[in-house]
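This report describes selected features of a model, chain by chain. Please consult the sequence and the structure alongside the text.

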Amino acid sequence: MSDPILSVRDLRVRFGTKRGVAEVVNGISYDLHAGETLSIVGESGSGKSVSVLALMRLLAEPPAAIAGSVLLHGRDLLKASHRDMRSVRGKDLAMIFQDPMTSLNPVRTVGYQLSESMSLHLGLTADSARRRAIELLDMVGIPSPDVRIDEYPHQLSGGMRQRVMIAMGLSCDPDVLIADEPTTALDVTTQAQITDLVAELQQRIGMAVIWITHDLGVVAGIADRVIVMYGGRFMEEAGVNDLYAAPNHPYTDGLLGSLPMPGADRPEKLVTIPGLPPDPVAMPPGCPFAPRCVHSDASRCHIEVPVFEPDRARHLVACHYPLQVTA
Amino acid sequence: MSEPLLEVSDLQVYFPVYGKGLVPRHINDVKAVDGVTFQVGRGETLGLVGESGCGKTTTGLAVLRLIEPTGGSVVFDGVDLSTLDKRDLRLLRKRMALIFQDPYASLDPRMSIGAIVGEPLEIHRLTQTRADRDDRVGELLELVGLSPDYRNRYPHEFSGGQRQRVGIARALATEPDFIVCDEPIAALDVSIQAGIMNLLEDLQDELGLTYIFIAHDLSAVQHFSDRIAVMYLGRVVEVADRVALYETPQHPYTAALLSAVPVPNPAVQRTRQRIILEGDVPSPLNPPSGCSFHQRCPKAFEPCPHVDPALRTTKRDHDVACHLHDPALSGAAGA
Amino acid sequence: MTVAPSTPMERLPEKPVSRSREIWQTLIANRLAVAGLVVLALLVLMAVLAEVIAPFGINDIDIPNRLTGPSMSHWFGTDDLGRDVLSRVIIASRVSLQVGFIAVGFALAFGVPIGLVAGYYRGKTDSILMRLMDILFSFPAILLAIAILAVLGPGIRNAMVAIGLVYTPIFARITRGSVIVVSEEVYIRAARSLGARDGRIIFRHILPNVLAPIIVQTTLSLAFAILSEAALSFLGLGVQPPNPAWGRMLAEGRNFFQQAPWMGIFPGVAILVTVMSFNFVGDGLRDALDPKQKSVIESRGQSV
């Protein structure tokens, strides 16, 4: 495999709160290669969104404290100046968010917002930026883009707004597109449109995508590789087919079991995971999932933090008692 | 379907739109619910599914007369709700309950859990003494899997799933026979959703409850319901048994909705035939002529833009509002 | 630890700091608010014990010692009739606080119910009530109070009514605005779905949730009411002589400002200190009660 575009090593994010230090991301490492789609799956509070906001340097410091390294083309973003970061954002790394209404400026036209970053990063003139903006809107499937370009965000539907966000994300041909729950606020039929659009654009442009979501259904359709995150740590990392066919971590297994599957037969009961996610201010020692895990034991799981075993290169699991032993 | 507990016919909820000016003029209506008809059998769960803006929540609230319907009738256990005055309606509220989507917003932040769950008992004078009420509140909390010791705690101390359990305990306090569940799991984390669904199922078995389960998540609805009504732009476009709806959807919108639901199985999700709809749901202010789905429908044919299809029974317990399934027209479609 | 999945008895996080305690802690962390609270406590104590504390009677006329400056026997000096300024300032505090509390109480008693009814029922009721309030509100406060006193006649009781009437629309507006917001909350619909009557919804659910802005406004209005009373008394429309009031003493002191500045300065300082203390407490309360100041993470509890 080629060199990764993005290498995250031992990334940690803490927040100072009134109740104490919240350990939200606790040492995560991964590589992202050109053209691949990596999905980070987790529930609210797992640290998935914070981890990408940290690597984009979009968290206010303080209260956040970020440690580790994020290498983009070999350069450490965590050591970059604010000025350098501004040129990286939008140009090398682009991000789209869950709520396209609040991430668009309500008092500026779609065209203005689209051309803004292009004139900033690419030095385009007003005319050529506008022409490129219309092209981009067309590319993301917005009908009559030459009309829509002069409209304001509130005149567009939720799906259209997310398309505009994607167009903005793509405007400077980024190497990596980070999508933070981009379809969570959308209806399923619109969600299907957006996931298809991103997949198609990715084929065409060849960018890598990090897709943050809680929806294991969406992941099954788009990801090449999946990381399951819980309590600020990675629980399991595998190719999408391996993960669904043979989940090795009890948490992944529980999540998959708790989903109602569409179909004629229904299980008597859905599998439930007892208990609650850990409090980031009072992280349990040992495995963060141990207090809710039916397989955990007091002598190991509650004391010793399990880590990915490096020799199992294709299917990594951070568990002392993984469910299945695959090669 | 068993003997119906609830019969809704031609239900309409219009929200008036006023013009600007000193004396605002009534210029139009948002037809949030526009002629909805369905029945719910005793002890049954009817799923009400559709995308945002289809009118499913408004339907649920209008059925309980928490929003005044513009037209149509709702008959609950033989009583037409529109004929009741304020007092009788309030008495009937004992038998009907509502569970909300957002467990953060639906509990009064200034009231303790005990006061919240005990409030319906107080309103309907179901317990005589303070001690009786405390006992009953404790029972209800236990019923939903919470410790009775929590009665002096406040909502902000609880997680989303726990709050939803408090909301369920409150709904059960008056021993209702009918509950509208309005997206009860949509705001919860995946690992918490299953617990709430199982709880609602257990309670139904134990207490013989009748549910309307409103959700946008077709997988959850399909898991939870006996029959499912699919709504689009204020109308019911298809009603069927949960298996029939999944295996032989008749309305093109149902088919598209089913195909858009992501299946958590890459082998299935990547190979199945999907119908991607074009465009967005039209505005309920100016719904299209004829069938409101015709502009997006991959199978639209000659009558669709002109004639509004009525909901008709095509098979046993399977109703659909689509010209494709009208024997008088289907020949022309070649379908 | 394993829990049988059929009875998911979820653990509850340890009991967090209660809301009222948190408000108190935020309030006492604010130095100005604490200073305000201390001064107000002393003022109230002084007003209650005024007759005991005051070294002289308020109308002990002592012509030979008229217009003498501050000294050991008369800390604040004496006025044109030789009366002890300190004693008069102390006794006058009673009037000021009394007028403040009763006038604001009047405004609360009318304004809050009007706001509750207008905000809850909306529609015609709302339009009629609020247009009435707008009419009251459209006059400059002190002019309106003067006009009311012109009709009712001068005197302390009428001054209280006038000030109360002037402040009623403020409370009606603040209450109505909050009621409209809270009425949209899902828990109000929940109460309705349980069959709760309007009265119960208004008093059990809405009122407790709109109290915070009303409390803040009450504190701030106390300051303005005291100021209004001083102004009215200054104009001779409030407390009638020979009874002392800060505003009236200020007016009398004006004539002797060259010879005996203490006659005006001390009552003036009393007004200043009182009004500022109420303002400090009001500002502190606003900061402590305003939930928007809390970060999203904290207000959502344990789910980060």
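## The sheet of chain A

In this predicted model, seven strands of chain A form an open sheet with mixed pairing, in the order 6-7-8-3-9-10-11. Strand 6 (93-96) and strand 11 (315-317) of chain A stand at the edges; each has a single partner strand, so one side of each is left without a neighbour in the sheet. On average, and with direction ignored, neighbouring strands of this sheet are turned by 15° against each other.

Within the sheet, strand 3 (residues 37-41) and strand 9 (residues 225-230) of chain A run parallel and are joined by four bridges. A:Leu38 stands opposite A:Arg225, a residue of strand 9 of chain A.

## Helix 6 of chain A

Helix 6 (residues 158-170) of chain A packs on this sheet and touches strand 6 and strand 7 (176-180) of chain A. The direction of helix 6 makes about 175° with that of strand 6 of chain A. Helix 6 of chain A has 13 residues, and the distance from its first C-alpha to its last is 18 Å, close to the 18 Å expected at 1.5 Å a residue.

The helix is mostly covered, with 12 of its 13 residues buried. Among the buried residues of helix 6 of chain A are A:Arg161, A:Gln162 and A:Arg163, as well as A:Val164, A:Met165 and A:Ile166. The elements of chain A against which the buried residues of helix 6 pack are strand 6, helix 3 (110-121), helix 4 (126-139), strand 7 and helix 7.

## The surroundings of A:Cys319

A:Cys319 is located in the segment after strand 11 of chain A. This residue counts as buried because it has 24 C-beta neighbours inside 10 Å. Neighbours within four places in sequence aside, the contacts of A:Cys319 are A:Asn248, A:His249, A:Pro250 and A:Pro306. A:Tyr244 is 75 residues from A:Cys319 in sequence, and the two C-alpha atoms are 17 Å apart in space.

## The contact between chains A and B

Chain A contributes 38 residues to the contact, and chain B contributes 35 residues. On the side of chain A that touches chain B, the elements giving two or more residues are helix 7 (188-205), helix 8 (216-222), helix 9 (240-245) and helix 10 (250-257) of chain A. Helix 7 of chain A gives the most to this side, with six residues.

By residue class, the side of chain A that touches chain B comprises 18 nonpolar, 14 polar and six charged residues.

## The sheet of chain B

Chain B holds an open sheet of four strands in the order 2-1-4-5, with antiparallel pairing. Its edge strands are strand 2 (26-41) and strand 5 (79-80) of chain B, each of which pairs on one side only. Strand 1 (residues 4-18) and strand 2 of chain B run antiparallel and are joined by 12 bridges. B:Val17 stands opposite B:Asn28, which belongs to strand 2 of chain B.

Helix 1 (residues 56-63) of chain B packs on the sheet, where it touches strand 1, strand 2 and strand 4 (71-76) of chain B. The direction of helix 1 makes about 115° with that of strand 1 of chain B.

## Chain C

Chain C has 12 helices and zero strands. Of the 304 residues in chain C, 41% are buried. Among contacts in chain C between residues at least 6 apart in sequence, 69% join residues at least 24 apart.

Terms used
Residues numbered from 1 in each chain as written. Chains lettered and ligands numbered in written order. Predicted model: local features only at pLDDT ≥ 70, side-chain atom pairs only at ≥ 80, totals over all residues. Pairing = 2+ DSSP bridges. Contact = placed C-beta atoms within 7 Å. Axes fitted to C-alpha atoms, helices over the stretch in contact; angles between N-to-C directions. Nonpolar A, V, L, I, M, F, W, Y, C, P; charged D, E, K, R; others polar. Expected span 1.5 Å × (residues − 1). Buried ≥ 20, exposed ≤ 12 C-beta atoms within 10 Å, placed from the backbone.
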